[in-house]
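Here is a short briefing for a first look.

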Amino acid sequence: MKILVCITHVPDTTSKIQFTDNNTKFDKNGVQFIIGPYDDYALARAVELRDQTGGKLTVLNVGEAETEPTLRKALAIGADEAIRVNAFPSDSLFVANQIAHYAKEGGYDLILMGRESIDFNGGMVHGMVAETLGMPSVSPVMKLDLEGEVAKISREIEGGKEQLEVKLPFVAGCQEPIAEWKIPNMRGIMSARTKPLNVVEAVSDEAATETVGYELPPAKGAVKLIDKDNVQELVQLLQTDAKVL
């Protein structure tokens, strides 16, 4: 069993976001980066499946040299090897094409990633990778078990849950509660230093989109406190100020 987990290198959810160059570039100064939380779930389940099947687990990131500490953390969590595609992840299609090119060469049985990244929240890469490789794609996957060459999957749909069976190979976009996040222990951290982290060059491919600018959400307005017994004033403010009634 060969498993590929694709991870993103994203700002910590507690980071203060700022932009530079007339709001055209993300300001990385003082920002701590982490494995994307949904990717963390995919990685945790992949480690469990690798341990069950005795296979090999590879993690891949499309990014520049600054993402290597994130890949080392994935190795500490339990991946066997890491691959960094040496390119700036300019848009979803570009990233998907890089993943698909590497995955095709590697002949993976299972490709896992988060259902979306938490920086752009596109939720498109897993579908694009699957389409490029001619594989099925399922998202959001909340439960994943393997029985031979068949995966049994549970996912959320509108108004309920859906149970699926999919033949390997396929691509899955994962979310909780597929597995519990794994925290690297000291043994894992030490072994990660000697595990292979290979850098491959990107395949020639232009981004299909261009970011022309960013905007921060509007600042929160002042809070008006209304006495709990003053229902008339509350209703008036909801009608005249909030305009929700």
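A search of the whole structure finds 0 disulfides, a disulfide being a pair of cysteine sulfur atoms within 2.5 Å. This is a predicted model, in which local features need pLDDT of at least 70, side-chain atom pairs count only at pLDDT 80 or more, and totals for chains, interfaces and linings use all residues. Residues are numbered from 1 along each chain as its sequence is written, and side-chain values use heavy atoms, with hydrogens and water left out.

- Cys-6 is in no disulfide; its nearest cysteine sulfur belongs to Cys-174, 10 Å away.
- For Cys-174, the closest cysteine sulfur is that of Cys-6, and 10 Å is too far for a bond.
- Cys-6 is buried at 5% relative accessibility (buried means under 20%, exposed over 50%, partly exposed in between, with a 1.4 Å probe and protein chains only).
- Cys-174 is buried too, with a relative accessible area of 0%.

**Surface patch**
- Val-231, Val-235, Val-244 and Leu-245 make a nonpolar surface patch of about 370 Å².
- Val-235 sits in helix H6, residues 231-240 (helices are DSSP runs, H or I, of at least four residues, numbered from the N terminus).
- Val-235 is partly exposed, with a relative accessible area of 32%.

**Loop position**
- Gly-122 lies in the loop between strand E8 (110-114) and helix H4 (125-133); strands are DSSP runs (E) of at least two residues.
- Gly-122 is partly exposed, at 36% relative accessibility.
- Gly-122 and Ala-76 are 46 residues apart in sequence, and their C-alpha atoms are 28 Å apart in space.

How values were computed:
Patch = residues over 30% accessible without salt bridge, like charges linked within 9 Å, V, L, I, M, F, W, Y side chains within 5 Å. Areas by Shrake-Rupley, 256 points an atom, 1.4 Å probe, with all protein chains shown as cover. Salt bridge = Lys/Arg side-chain N within 4 Å of Asp/Glu carboxyl O.
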